[in-house]
Amino acid sequence: MPAPTYSLKQLCLYFLKLGTWGFGGPVALVGYMNRDLVERKRWITEADYKEGLALAQLAPGPLAAQLGIYLGYIHYGVTGATLTGLAFVLPSFFMVLALGAVYEAYNGIPWMQAVFYGIGASVIGIIAYSAFKLTKKSISKGLWGIYGVAAVYTIWQESESVLIFLSAGILWWLIKRPPVLRAVVPFPLWEIFFYFTKAGAFVFGSGLAIVPFLYGGVVKEYGWLTEQEFVDAVAVAMITPGPVVITVGFIGYLTAGFQGAAVAAFATFFPCYLFTVLPAPYFKKYGKHPGIKAFVDGVTAAAIGTITGAVVVLGKRSLVDGYTVAIALLTAFVCWKYSRVPEPLLILLAALVGILLKVFIL
């Protein structure tokens, strides 16, 4: 493998910035990684990025965090995977801790709805443009069927299925490279730990998939949070940068303070770290095999189709009137026409617009 053109310090600083300023959830974050690390900086090859995206889709756990861990592994092994993962997750973890303290001190965050009103719409525009670019670049003629099925399934079920990714990979592998047949802790910390380990180890896909799973346990099964508190927890994850799954830190804080937040975050992210690092060397070693490459291409098509479907799913929740539709369209236009405008600036402007609309018009 050619020597990297970047240092581990540079990569960690990138993920620290992405974890601090990267809004939009998993769909947007994987798009940012492709744009920054593959297209602009050229630190990561397109092939390595696709392999990482495929592995992140196939393994349980949060999509964006796993992809970041894999990209850290490519040139710097386990050390790179560990440091990039920490750099990516820790900024948003500390943010949700601070918001959790404010939430408890003031019995809720009323201004959150006004802020999220604008941010949610702007994020849809960013995600839609990211999905457009990925589709244009990666979906060839033969992959449109897989792409379409994955998109429709995501819109229909409002979640992702590992069976879609596995089936897509196997189908494209059989089409492109058919195989040759040959003969022959104090309560409730321990409950928090086991529950969130289960969430990290058995829930596939992005925040779209883990939110209903968390709702069933946190609200219905254990009663740690009320329904309103859970909705607020998801909103906190959406208005903070980094992976949406960091909402587990907020939930853990409301349940058992700092210890609860730390246990919930560790239990959720550590399984995904293992599911990425352990198979990574085999993925790197055999990933260039024609059959495996065809499988990865099929999974990638399904992944991008899912991302496109997620735009519709998230849009139904965030685009609630003409104002939010206008914010989303304007954001997408700016991303397309003025690609150098930083997303944090767009998010900040959208938040201010949301507050102004809520105060003076709505």
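Colleague: Which residues are linked in a network of salt bridges?
Modeller: Arg35, Asp36 and Arg40 are linked in such a network, where a salt bridge is a side-chain nitrogen of Lys or Arg within 4 Å of a carboxyl oxygen of Asp or Glu. This is a predicted model, in which local features need pLDDT of at least 70 and side-chain atom pairs count only at pLDDT 80 or more, while totals for chains, interfaces and linings use all residues. Residues are numbered from 1 along each chain as its sequence is written, and side-chain values use heavy atoms, with hydrogens and water left out.

Colleague: How far apart are the closest N and O atoms of arginine 35 and aspartate 36?
Modeller: They are 2.7 Å apart in the salt bridge between arginine 35 and aspartate 36, and both of these residues are buried, a word that stands for under 20% relative accessible area, with exposed meaning over 50% and partly exposed in between (1.4 Å probe, protein chains only).

Colleague: And what about aspartate 36 with arginine 40?
Modeller: Their side chains meet in a salt bridge at 3.9 Å, N to O. Aspartate 36 and arginine 40 are 4 residues apart in helix H2, and therefore separated by about one helical turn; helices here are DSSP runs (H or I, at least four residues), as strands are (E, at least two), numbered from the N terminus. Aspartate 36 counts as buried because its relative accessibility is 10%, whereas arginine 40, at 37%, counts as partly exposed.

Colleague: What does aspartate 36 touch, leaving aside its neighbours within four places in sequence?
Modeller: With those neighbours left aside, aspartate 36 is in contact with Tyr14, Lys41 and Arg42, contact being heavy atoms within 4.5 Å.

Colleague: How many salt bridges does the count come to?
Modeller: The count by this rule is 3. One of them joins the side chains of lysine 133 and glutamate 39, at 3.8 Å from N to O. That pair links distant parts of the chain, with lysine 133 in helix H5 and glutamate 39 in helix H2, 94 residues apart. Lysine 133 is partly exposed, with a relative accessible area of 25%, and glutamate 39 also counts as partly exposed, at 31%.

Colleague: How much space lies in the second largest pocket?
Modeller: About 400 Å³ lies there. The second largest pocket is lined by 19 residues, of which Tyr14, Lys17, Leu18, Arg35 and Asp36 are the closest to its centre. Helix H1 (8-21), helix H2 (25-40) and helix H15 (343-360) are the elements that give two or more residues to this lining, and H1 gives the most, with 6 residues. By class, the lining divides into 9 nonpolar, 3 polar and 7 charged residues.

Colleague: Last topic, how many disulfides does the structure hold?
Modeller: The structure holds 0 disulfides, a disulfide being a pair of cysteine sulfur atoms within 2.5 Å. For cysteine 12, the closest cysteine sulfur is that of cysteine 272, which at 16 Å is too far for a bond. Cysteine 12 counts as buried at 15% relative accessibility, and cysteine 272 counts as buried at 0%.

Methods:
1 Å grid on protein atoms, 1.4 Å probe; cavity = no way out; pocket = protein on both sides within 12 Å on 5 of 7 lines; lining within 4 Å. Points joined across faces, edges and corners; volume = space filled by probe spheres on them. Nonpolar A, V, L, I, M, F, W, Y, C, P; charged D, E, K, R; others polar.
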